[in-house]
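Please read the following report alongside the sequence and the structure shown here.

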Amino acid sequence: MTSQQRHDFYGPIHKGLRLGSSRLLMALGQIETRDARAIAELIGQLRIHLQLAEEHLQHEDAEYNEPLRGRAPNLAAQLADDHHHHYVTFRELDGLIHALETADEASRAAVGRALYLRFSTYFGDDLAHMAREEQEALPAFHRHFSDQELMDMESRIIQSISPERLTQYYFIMLPGMNPAERATFLRYIRANAPPEAYSHILDDVARAALPPEQFRVLNEDLAYVA
Ligand SMILES: [Fe+2]
């Protein structure tokens, strides 16, 4: 983070979730419903993504929205309402995913369409919700908390996540960012996390998750001192 810019704990993860949901929406629209193996693979990816999305809301509930209740109760109530709506949606999506998994060949196309449409409305709701957090909640956090407090909240979340899960988050977060954000993010990790974490994110995640040209640009950016 530069000194002019306040800490944004929503931006990187939300870009990742948008990227992951965009990819899955396209894949659900394009799925070959006669191919059981392709369906099983997509269902696996969908389940992991929805777990990441649901756990992300739980992290926000525990570390961000709870302290916000004391400072901006109306906004905190609105966010709680949005999250509750999402939790109900996740259970509906679980049911549709299970229905697709167990559907016979004759009904797969119809169940696949139902899942595609339900996922599309979930994604639409989530886009509106995440924009509300970034446009309304983030300024409220900036008014009521210091950057150090915001970074402490975020650190508690990161420390509560298993290394395997964190890697899954980074796999959508890094390609979701633009090059300048990616370099800023990696510099922040370099300055604040253990060296092994930094090299894991750069060498294992960024190298695999980014197109070669973007990985080259990232390394070039990181070679300059910010
Ligand atoms: Fe949220």
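This is a predicted model: local features need pLDDT of at least 70, side-chain atom pairs count only at pLDDT 80 or more; totals for chains, interfaces and linings use all residues.

Residues are numbered from 1 along each chain as its sequence is written, and side-chain values use heavy atoms, with hydrogens and water left out.

**Iron site**

Glu60 (OE), His83 (NE2), His129 (NE2), Glu133 (OE) and Glu133 (OE) coordinate the iron ion at 1.9 to 2.7 Å. Donors are N, O and S atoms within 2.8 Å of the metal (3.2 Å for Na, K and Ca); water is not among the atoms, so sites may look incomplete. The spacing of the donor residues in sequence is E-x22-H-x45-H-x3-E. Histidine 129 and glutamate 133 are both in helix H4 (residues 105-144), four residues apart, or about one turn of the helix. Helices (H or I, at least four residues) are DSSP runs, numbered from the N terminus. Histidine 129 is buried at 2% relative accessibility, and glutamate 133 is buried at 1%. Buried means under 20% relative accessible area, exposed over 50%, and partly exposed in between (1.4 Å probe, protein chains only).

H4 has 40 residues and reaches 55 Å from its first C-alpha to its last, close to the 58 Å expected at 1.5 Å a residue. The expected span is 1.5 Å times one less than the number of residues. H4 bends by about 35° at alanine 137, and proline 139 follows within four residues. The bend is the angle between axes fitted to the seven residues ending at a residue and the seven starting there.

In H5 (residues 147-160), the buried residues are Leu150, Met153, Glu154 and Ile157. They cover an arc of only 90° around the axis, so they lie on the same side of H5. The arc is that of the directions from the helix axis to the C-beta atoms.

**Salt bridges**

The whole structure has 15 salt bridges, each a side-chain nitrogen of Lys or Arg within 4 Å of a carboxyl oxygen of Asp or Glu. Three of them are tabulated.

| Pair | N to O distance |
|---|---|
| Arginine 18 and glutamate 134 | 2.9 Å |
| Glutamate 92 and arginine 118 | 2.8 Å |
| Arginine 216 and glutamate 220 | 2.4 Å |

Arginine 18 lies in helix H1 (residues 11-30) and glutamate 134 in helix H4, so this pair ties together parts that are 116 residues apart in sequence. Arginine 118 is buried, with a relative accessible area of 17%, whereas glutamate 92 is partly exposed at 40%.

Notes. Helices (H or I, at least four residues) and strands (E, at least two) are DSSP runs, numbered from the N terminus.
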